[in-house]
Amino acid sequence: MLERWFRLRESGSDVRTECLAGLATFLAMAYIMFVNPEILSAAGMPREAVFVATCVAAAIGSAIMGLYANYPIALAPGMGLNAYFAYSVVLGMGFSWQAALGAVFLSGCLFLLVSLVRLREWIVDAIPHSLKLAISAGIGLFLAVIGFKNAGLITANPATLIGLGNLHAPSVLYAATGLLLIVALEARKVRGGIIIGILAVTLAAVACGHARFAGVFALPPSLAPTLLQLDLAAALDAGLVTVVLTFFLIELFDATGTLIGVSHRAGLLDAQGRLPRLRRALLADSTAIVAGAALGTSSTTAYIESAAGTAVGGRTGLTAVVVALLFLAALFLSPLAATVPPFATAPALIYVAILMARGLAELDWEDLTETAPALICALAMPLTFSIAHGIAFGFIAYAGIKLLAGRRREIPPAVAVIALVFVAKFAFV
């Protein structure tokens, strides 16, 4: 049955290899079940219910990707998107987390519609490569600020806005040690380096009395506090239009980039460099976003950590299905998730930020009309503490600089439209 469904021999794989690949991918991305509840709880969401929603959304998304699209790519609530949800939309703009879930749901429906009517190619191809790199790097820098804050390395300062935290605080020492450990393990190609770092810091904190041990195994907590709690009426408010657009753009770029990147490494692209079942993969991704919002978590997306599984030999959707089963099994680890303190997940945020920021190296530094908007976009995200503002400034700067530099023909229509929407938003809303 597995052979017929996943076409294992045709892909040059077997059940054992796919199972090992699924385990490798799960270990590489399992940190999300500790980090996501930590971030979303800052928005007032119940931590235990978010833990369940995270695991179930990851299981549903990965299962759909594996069974429907037959790709070894796992899905889970995305880093960066969860930070935007909690710190920008809820804490920054003052919307309720229920309204923010409604915005995620609407962005998922929009993503689904775009995938069905084949507008995706036009939108993705129209956005300049420099802005795509900037959005990813900017989100990374934004995550780094949150990680440094949770670790206690930086603090608010009325004179300088941001100042150095108390370096003698236990949280700083734990976080710094955790970051060094994670980077060292990843540099040594140790599978699951991030999750090992998080658990090692947590264990040390519990042993020294700086964290409360809540246990390891238990029956899954109730999902009721977040299940179907999304507020669609509030999400249709004029103030959330930009939020929906921001979620949609990030989801679109993130999903497409990850799918192409992982598939390229795994040798799954065709002779023309295209992903044969890209439409199915995007439909799986967008469906997972809608399902995740209904369960009670921020946007679900494809994970670049899936490359850990393809490196082991995963070539079919069976790898993703194994990941889905492991996330369901992880539902019984809720006490462990409650034990992990913020300073234990802070190093994971900083490490992910390091990976995301490397895209800036690909910019064409000789062309100021490309690099200036990109850096404005990337720097504005952490400095305004808003991913949406960073994206807005990037699009406006790109269109404005190209126009004033006498290169208006290089402005894609989609960029011009989005820039005008953001200008109107800042001017009238």
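**Exercise 1. Determine how helices H3 and H4 are arranged relative to each other.**

Solution. Step 1: the axes of helix H3 (residues 32-41) and helix H4 (residues 47-69) come within 9 Å and cross at roughly 135 degrees. The structure is a predicted model in which local features need pLDDT of at least 70 and side-chain atom pairs count only at pLDDT 80 or more, while totals for chains, interfaces and linings use all residues. Residues are numbered from 1 along each chain as its sequence is written, and side-chain values use heavy atoms, with hydrogens and water left out.

Step 1: recall the terms. Helices (H or I, at least four residues) and strands (E, at least two) are DSSP runs, numbered from the N terminus. Axes are lines fitted to C-alpha atoms, for helices over the stretch in contact, and angles run from 0 to 180 degrees between N-to-C directions.

Step 2: classify the angle. Angles under 35 degrees count as roughly parallel, over 145 as roughly antiparallel, 65 to 115 as roughly perpendicular and the rest as oblique. H3 and H4 are therefore oblique to each other.

Step 3: state the handedness. The crossing of H3 and H4 is right-handed; a crossing is left-handed if the near helix is turned anticlockwise from the far one by less than a right angle, and right-handed if clockwise.

Step 4: list the contact (heavy atoms within 4.5 Å). H3 contributes Ile32, Met33, Asn36, Pro37, Glu38, Leu40 and Ser41, and H4 contributes Arg47, Val50, Phe51, Thr54 and Cys55. Sorted by class, the contact of H3 with H4 has seven nonpolar, three polar and two charged residues. Here Ala, Val, Leu, Ile, Met, Phe, Trp, Tyr, Cys and Pro count as nonpolar, Asp, Glu, Lys and Arg as charged, and the others, Gly among them, as polar.

**Exercise 2. Classify the packing of H4 with H13 and of H3 with H17.**

Solution. Step 1: H4 and helix H13 (residues 278-295) pack at an angle of about 160 degrees, and their axes are 9 Å apart. H4 and H13 are therefore roughly antiparallel to each other, and their crossing is right-handed.

Step 1: in this contact, Ala53, Val56, Ala57, Ile60, Gly61, Ile64, Met65, Tyr68 and Ala69 of H4 meet Arg280, Ala281, Leu283, Ala284, Thr287, Ala288, Ala291, Gly292 and Leu295 of H13. The residues of the contact of H4 with H13 comprise 14 nonpolar, three polar and one charged.

Step 2: H3 and helix H17 (residues 342-357) pack at about 110 degrees, with their axes 10 Å apart. H3 and H17 are therefore roughly perpendicular to each other. Phe34, Val35, Glu38 and Ile39 of H3 make the contact with Pro342, Thr345, Ala348 and Leu349 of H17. Its classes are six nonpolar, one polar and one charged.

**Exercise 3. Locate Leu161 and Lys189, and give the phi of each.**

Solution. Step 1: most residues other than glycine have a negative phi.

Step 1: Leu161, in strand S3 (residues 161-164), has a positive phi of about 70 degrees. At 71% relative accessibility, Leu161 counts as exposed.

Step 2: Lys189, in the loop between helix H9 (170-187) and helix H10 (193-207), has a positive phi of about 65 degrees. Lys189 is exposed, with a relative accessible area of 72%.

Note on methods: Buried < 20%, exposed > 50% of the residue type's maximum accessible area, 1.4 Å probe, protein only.
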